Amino acid sequence: DAPPGAEVKLSGKLSSAGGKIVGSRAFHAAAPVQTVEPPAAVGGLGQAFGEAVADLVLWTNDVLHAPR
């Protein structure tokens, strides 16, 4: 059996003021957990969510500041 873990998947889409999609991407992060009991699972989900959101924010910044 695989050890328990928390996994978060997000997707982001950026569009211009005119509605044109200027970027889209999927983000994935995972974190190990010691047990599937709620406190440990919540901690793992929090860690994975934080990593995925950090990647999304960095990507958003890169897209918005890319030369056009």
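Leu56 counts as partly exposed because its relative accessibility is 23%; buried means under 20% relative accessible area, exposed means over 50%, and partly exposed is in between, with a 1.4 Å probe and protein chains only. Leu56 is found in helix H1. Leaving out residues up to four places away in sequence, Leu56 touches Gly12 and Phe27, where contact means heavy atoms within 4.5 Å. Looking along the chain instead, Leu56 and Pro67 are 11 residues apart, and their C-alpha atoms are separated by 19 Å.

A word on what you're looking at. This is a predicted model, so local features need pLDDT of at least 70 and side-chain atom pairs count only at pLDDT 80 or more, while totals for chains, interfaces and linings use all residues. Residues are numbered from 1 along each chain as its sequence is written, and side-chain values use heavy atoms, with hydrogens and water left out.

Now zoom out. The protein chain has 1 helix and 2 strands, in the order β-β-α from the N terminus. These elements are DSSP runs numbered from the N terminus: helices are H or I with at least four residues, strands are E with at least two. The radius of gyration of the protein chain is 16 Å, well over the 11 Å that the globule rule gives for 68 residues, so the chain is more spread out than a compact globule. That radius is taken over C-alpha atoms, and the rule is 2.2 Å times the number of residues to the power 0.38. Along the principal axes, the C-alpha atoms fill a box of roughly 45 × 20 × 15 Å. Buried residues make up 22% of the 68 residues.

E1 and E2 run antiparallel and are joined by 11 bridges; two strands pair if DSSP finds at least two bridges between them. At one pairing Gly5 stands opposite Pro32 in E2, and at another Ser15 stands opposite Ile21 in E2. There are 5 residues between the strands, and Gly19 takes a positive phi near 95° in this hairpin.

Then comes H1, residues 38–64. Its 27 residues reach 38 Å from first C-alpha to last, close to the 39 Å expected, which is 1.5 Å times one less than the number of residues. Which residues of H1 are buried? They are Gly44, Ala48, Ala52, Trp59, Thr60 and Val63. Their cover includes strand E1 (5–15) and strand E2 (21–32).

Take Ala29: not counting residues up to four places away in sequence, Ala29 touches Ala6, Glu7, Val8, Ala48, Glu51 and Ala52.

What about aromatics? The structure holds 1 aromatic pair. Phe27 and Trp59 sit edge-to-face, 5.6 Å centre to centre with 65° between the planes. Phe27 lies in strand E2 and Trp59 in helix H1, so the pair ties together parts that are 32 residues apart in sequence. For rings of Phe, Tyr and Trp (its six-membered ring), pairing needs centres within 6.5 Å; planes under 30 degrees apart count as stacked, over 60 as edge-to-face and the rest as tilted. Both Phe27 and Trp59 are buried.
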